[in-house]
Amino acid sequence: MKKKWQIGESVVVRTTHKQGKIVSSSTTADGYSMNENVEVQYNDGSSEWISTNNISKFLTEVDPKTNSTFLSE
C-alpha cells in the first residue's frame, strides 16, 4: 500500500480549516478495513491525530517568474 501523505507535508484540516504539517502517521486494521491517521502539528505548537479522510494537501499559488515565456497561438 502506497502512502498518500509524507512527513513534513503541509496540510489543511477540512473540518476546522487549520493548517499544519504532518509529523507522524499510523495505520491500523480492524479486520474490515485499514484506517490511516496522521499527527498534524500546528504553527502554535499544538498537535492532534486526525483521520486522513479529514485532511487535504495545502496548496499555495505562486506567481510565475517575470522573465518566463508563455506559449501563444
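K18 lies over the face of Y42, 4.1 Å from the ring centre; a charge counts as over a ring if NZ of Lys or CZ of Arg is within 6 Å of the ring centre and within 35 degrees of the ring normal. The structure holds zero aromatic pairs, a pair being rings of Phe, Tyr and Trp (its six-membered ring) with centres within 6.5 Å. The model is predicted: local features need pLDDT of at least 70 and side-chain atom pairs pLDDT 80 or more, while totals for chains, interfaces and linings use all residues. Residues are numbered from 1 along each chain as its sequence is written, and side-chain values use heavy atoms, without hydrogens and water.

The largest nonpolar core has nine residues: W5, V11, V13, I22, V38, V40, Y42, I50 and I55. Such a core is a set of buried (under 20% relative accessible area, 1.4 Å probe, protein chains only) Ala, Val, Leu, Ile, Met, Phe, Trp, Tyr and Cys residues joined through side-chain atoms within 4.5 Å. Two or more residues each come from strand 1 (10-13) and strand 3 (34-42), strands being DSSP runs of E with at least two residues, numbered from the N terminus. Strand 3 gives the largest share, three residues. Beyond four places in sequence, the contacts (heavy atoms within 4.5 Å) of V11 include W5, I22, V40 and I55, along with K18 and F58.

V23 is part of strand 2 (residues 19-29). V23 counts as partly exposed because its relative accessibility is 35%, between the limits of 20% and 50%. Leaving out residues up to four places away, V23 touches I7, E39 and Q41.

Key: Helix = DSSP H or I, 4+ residues; strand = E, 2+ residues; numbered from the N terminus. Phe/Tyr/Trp six-rings, centres within 6.5 Å; stacked < 30°, edge-to-face > 60°.
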